Amino acid sequence: MSNPQSRDPQNSRQQGTGDGDHRNNIFEFFRSHTAFDMLPESGKVCLLDSSLSAFAALSIMAANQQLAVPVWDAHADSYLGMLTVTDLVEIVLACRNSKTYSSCLEGLKAMTLEHWMCHNARPHGCPLPSVEVRPDDDLMHVLWTLVRNNCRVVPVLEREGSRRDTAMLNQCLVGQVSYLLLFRFLFYHQAGELETLQGTLADVGIGTLGADRIISVQASEPVTRALELMSKHGISGVPVVDEKGLFHGIFSDKDILCYSPEFLNLDLRTALEQASAAMNPDPAVDPEALCAEHPGDAPADAAHGSGAAAAGGGQARPLCACRTDDPLRTIVWRFKECRSTRLACTDADGRVQGIVTLTDLFKFLAGSAR
């Protein structure tokens, strides 16, 4: 049961001080581990040639379940930057709205990565080519690189010279880091410290709270509507609600990898609720396997009504939802359970009242480290 005194502002400030003491252990963990420590011991590193078409890039990223891939220009002997799923959303919209191509599919096959990376501004959340980290950079530096550059992923590069003046041939692409990878690494090693976080989501004030501030899309609206909203507002996902305004799920930019290229050409006007049936299953999202990643048990309050029930019955995948009165330890567990970078904050009736992201959580954790 929560302490009634927690609603008192003076008491909240005192709790925040104690909470900061707990977070010092997390900061020390950040400072004592490097980007290299966080990378998987085995895995694949994809590299796209800039001469490839956007269609080929989408197909490769979907087949390899890659949300971001570095692009290399062999002719200019230069690194062009990271192609992300946010780029793919913008490319699909550009090809679909272009008068040059007769169809979106034709545009995807005609546009090269070199043209996209060199002649278009980087979308919101995508790193500039100059943004990178080194394998021996500590995790606090990695975190601040993500935060200060307002990006969701950065490459890990090992150079033989200065950070920016060395050719790509004299450097090694070790991997890439994102908020999701940073969170999973932190949760696995510091789950006990994360469970000591005090207060509720509303108490600490992280995220975007208030129904009037939330951009959502109805399940009956077309896929293009969701893509256009994400592009217009520079966000990576939108809550999907039904005709009664009840939370139905979250459509994010990574979902574009679950559609076949032919679907992108023909059925972007299909309603989101119908389009979900055309999505290829995502083998990377396995709730049971995720829960087995760490031997600890979920907080008792994480197992109760943290989100709205799925429309039309049960749903195998955990809903990416929470409540504003959930303790922070429950928010942390929901992120781990759903393997998502964002949660919808719902009220008791299942209506969306806010959004909280991993970016919000890490900015909160890093705030007292300044």
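The legends below describe close-up views of a predicted model.

**View 1. Helix α8 against helix α14.**
Helix α8 covers residues 179-194 and helix α14 covers residues 328-338; their axes come within 11 Å and cross at roughly 150°. Angles over 145 degrees count as roughly antiparallel, and α8 and α14 are therefore roughly antiparallel to each other. The crossing of these two helices, α8 and α14, is left-handed. On the α8 side the contact is made by F183, F187 and L194, and on the α14 side by R329, V332, W333, F335 and K336. Sorted by class, the contact of α8 with α14 has six nonpolar residues, two charged residues and no polar ones.

**View 2. Helix α7 against helix α8.**
The axes of α7 and α8 come within 11 Å, with a crossing angle of roughly 150°. The pair α7 and α8 is therefore roughly antiparallel. In passing α8, helix α7 makes a left-handed crossing. Helix α7 contributes L139, L143, L146 and V147 to the contact, while α8 contributes Y179, L182 and F185. The contact of α7 with α8 has seven nonpolar residues, with no polar and no charged ones.

**View 3. E193 of helix α8 and its distance to N24.**
E193 lies in helix α8. With a relative accessible area of 23%, E193 is partly exposed. In sequence E193 and N24 are 169 residues apart, whereas their C-alpha atoms are 9.6 Å apart in space.

**View 4. The salt bridge between D87 and R122.**
Side chains of opposite charge can pair when their charged atoms come close. The count for the model is five salt bridges, and one of them is formed by D87 with R122, whose closest N and O atoms are 2.7 Å apart. This pair links distant parts of the chain, 35 residues apart: D87 is in helix α4 (residues 85-97), and R122 is in the loop between α6 (113-119) and α7 (139-148). Buried means under 20% relative accessible area. D87 has a relative accessible area of 0% and is therefore buried. R122 is buried as well, at 18%.

**View 5. The salt bridge between E28 and R31 in helix α1.**
E28 forms a salt bridge with R31, and the closest N and O atoms are 3.4 Å apart. Both residues, E28 and R31, lie in helix α1 (residues 9-32), with a spacing of three residues, about one turn of the helix. E28 is partly exposed at a relative accessible area of 49%. R31 also counts as partly exposed, at 40% relative accessibility.

**View 6. The salt bridge between D349 and R351.**
D349 and R351 meet through their side chains in a salt bridge, at 3.9 Å from N to O. D349 is exposed, its relative accessible area being 55%. R351 has a relative accessible area of 35% and is partly exposed.

Most residues other than glycine have a negative phi. Q65 is not a glycine, yet has a positive phi of about 50°. Its place is in the loop between α3 (54-63) and β2 (68-73). Q65 counts as partly exposed at 34% relative accessibility. The loop between α3 and β2 also holds Q66. Q66 is buried, with a relative accessible area of 16%. When its neighbours within four places in sequence are left aside, Q66 is in contact with K44, C46, M61, Q176 and L257.

**View 7. N150 in the loop between α7 and β4.**
N150 is a residue other than glycine with a positive phi, near 50°. N150 sits in the loop between α7 and β4 (153-159). The relative accessible area of N150 is 41%, and N150 is partly exposed.

How values were computed: Residues are numbered from 1 along each chain as its sequence is written. This is a predicted model: local features need pLDDT of at least 70, side-chain atom pairs count only at pLDDT 80 or more; totals for chains, interfaces and linings use all residues. Side-chain values use heavy atoms; hydrogens and water are left out. Axes are lines fitted to C-alpha atoms, for helices over the stretch in contact, and angles run from 0 to 180 degrees between N-to-C directions. Helices (H or I, at least four residues) and strands (E, at least two) are DSSP runs, numbered from the N terminus. Angles under 35 degrees count as roughly parallel, over 145 as roughly antiparallel, 65 to 115 as roughly perpendicular and the rest as oblique. A crossing is left-handed if the near helix is turned anticlockwise from the far one by less than a right angle, and right-handed if clockwise. Contact means heavy atoms within 4.5 Å. Ala, Val, Leu, Ile, Met, Phe, Trp, Tyr, Cys and Pro count as nonpolar, Asp, Glu, Lys and Arg as charged, and the others, Gly among them, as polar. A salt bridge is a side-chain nitrogen of Lys or Arg within 4 Å of a carboxyl oxygen of Asp or Glu. Buried means under 20% relative accessible area, exposed over 50%, partly exposed in between (1.4 Å probe, protein chains only).
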